[in-house]
Amino acid sequence: MPPFQTLLDDHAAEVMGVLRGAVGRGDAEDCFQETFLAALRAYPKLNDASNLRGWLLTIAHRKAIDHHRANGRKPVPMADPPEVSVDDPGPTDDGIWTAVGALPPKQRAAVALRYGSDLPHAEIAAALGCSPEAARRSLHEGIKRLRKELA
Amino acid sequence: MKTSLDRLTERAEAEGLLDVAYASVDSPFGPLLLAATPRGLVRVNLPNYDPEETLEELAAKVSPRVLEAPAKFERARRELDLYFDGKLTEFDLPIDWQLTHGFRGKVQRAIKRIPYGQTRTYTEMARSAGNERAVRAAGTACGSNPIPIVVPCHRVLRSGGGLGGYGGGLPMKEELLKLEGVL
């Protein structure tokens, strides 16, 4: 296994971007911490280093889903708290990600994974714990809704 | 303001997940990479070796939970600065000896006890480690010292007075001996 620091160097910004899309800026930091602590705990027992990025994004999405469950699926606020951090440019188009953040959980996760992280359908399915067909459907529904919202 | 990564390192340490912390520290010879476990300093990488390779080696031999954590090395940084200024003669840093074993380990522990400004020969080191005839093995032990400078293998010379070898290059060994007033 490579030193864990290389996972942070290579993927921390992306994980943060995906989490902002999935849970909003206000809660992304907590989910980020939970994601990397969980990864650090499991890392020595991991026996396949061929897709560490996919592995991290899978954990990030479980944490995002946990977060939504813990919040009783209450709606994500439309206006996020102002950004204080200056070190991370994050996704460039805030309008789109705010709209993504307002999608139902499965659709939001599918869209964030596909376009935030560029994951193939099979990995999105693995991250969401559903079939590739269901992942494709969530993605499709999510995009349809986004088109309508942003039109 | 604390960054996400600082916070992560702190939480990892609090949960006992920071198996190997590392940081780069400046020296007159170039950047040194220091690595420590919760038990102590486990590795010093001299400037002429690739730090990436050393981190990979630590991930394989100690634990893959390797994180950059400069805050853990404030004392080591201070002591090294003083040492390179000629103002510190003995490091007071806990050491983790887990990367040394057997006869080499014995030689390296004996090297740690050579006082500042003094030198020993490879033969003397072999004797301190309990086998006077294993001079060549004592040389190998010096050459494979995982914690150079703090474990002062630069104080070990050839019997005839020659400098012998040094992982960081002979000019560095010479400079360190000059700093300590030996040359």
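What percentage of the 151 residues in chain A is buried? Buried residues account for 41% of chain A, a residue being buried if 20 or more other C-beta atoms lie within 10 Å of its own, exposed if 12 or fewer do, and partly exposed in between, with C-beta atoms placed from the backbone. The model is predicted: local features need pLDDT of at least 70, side-chain atom pairs count only at pLDDT 80 or more, and totals for chains, interfaces and linings use all residues. Residues are numbered from 1 along each chain as its sequence is written, while chains are lettered from A and ligands numbered from 1 in the order in which they are written.

**Figure 1. Chain A has seven helices and zero strands.** From the N terminus on, its elements run α-α-α-α-α-α-α. Helices (H or I, at least four residues) and strands (E, at least two) are DSSP runs, numbered from the N terminus. Of the contacts in chain A between residues at least 6 apart in sequence, 72% join residues at least 24 apart; two residues are in contact if their C-beta atoms, placed from the backbone, lie within 7 Å.

**Figure 2. Chain A meets chain B through 17 residues of chain A and 19 residues of chain B.** On the chain A side, helix H1 (4-23) and helix H2 (25-42) are the elements that give two or more residues. H2(A) gives the most, with seven residues. This side of chain A comprises twelve nonpolar, two polar and three charged residues. Ala, Val, Leu, Ile, Met, Phe, Trp, Tyr, Cys and Pro count as nonpolar, Asp, Glu, Lys and Arg as charged, and the others, Gly among them, as polar.

**Figure 3. Helix H7 (residues 132-150) of chain A has buried residues along one face.** The buried residues of H7(A) are A:Ala135, A:Ser138, A:Leu139 and A:Gly142. Seen down the axis of H7(A), they fall within an arc of 100°, so they line one face of the helix; the arc is that of the directions from the helix axis to the C-beta atoms. These buried residues pack against helix H5 (105-116) and helix H6 (121-128) of chain A. The face turned away from the buried side carries the exposed residues A:Glu133, A:Lys144, A:Arg147 and A:Lys148. At 1.5 Å a residue, the 19 residues of H7(A) should span 27 Å, which agrees with the 27 Å between its end C-alpha atoms; the expected span is 1.5 Å times one less than the number of residues.

**Figure 4. A:Leu146 lies in helix H7 of chain A.** With 19 other C-beta atoms within 10 Å, A:Leu146 is partly exposed. Leaving aside neighbours within four places in sequence, A:Leu146 is in contact with A:Ala99 and A:Val100. A:Leu146 and A:Ala99 are 47 residues apart in sequence, yet their C-alpha atoms are 6.8 Å apart in space.

**Figure 5. Strand S2 (residues 32-37) of chain B runs antiparallel to S3(B), joined to it by five bridges.** Two strands pair if DSSP finds at least two bridges between them. S2(B) and S3(B) form a hairpin with two residues between them. B:Ala35 stands opposite B:Arg43 in S3(B). In strand S3 (residues 40-45) of chain B, five of the six residues are buried.

**Figure 6. Chain B is assigned domain 1 (4-84) and domain 2 (102-179).** These bounds come from an automatic or database domain assignment. The C-alpha centres of the two domains lie 24 Å apart. Their contact takes eight residues from domain 1 of chain B and nine residues from domain 2 of chain B.
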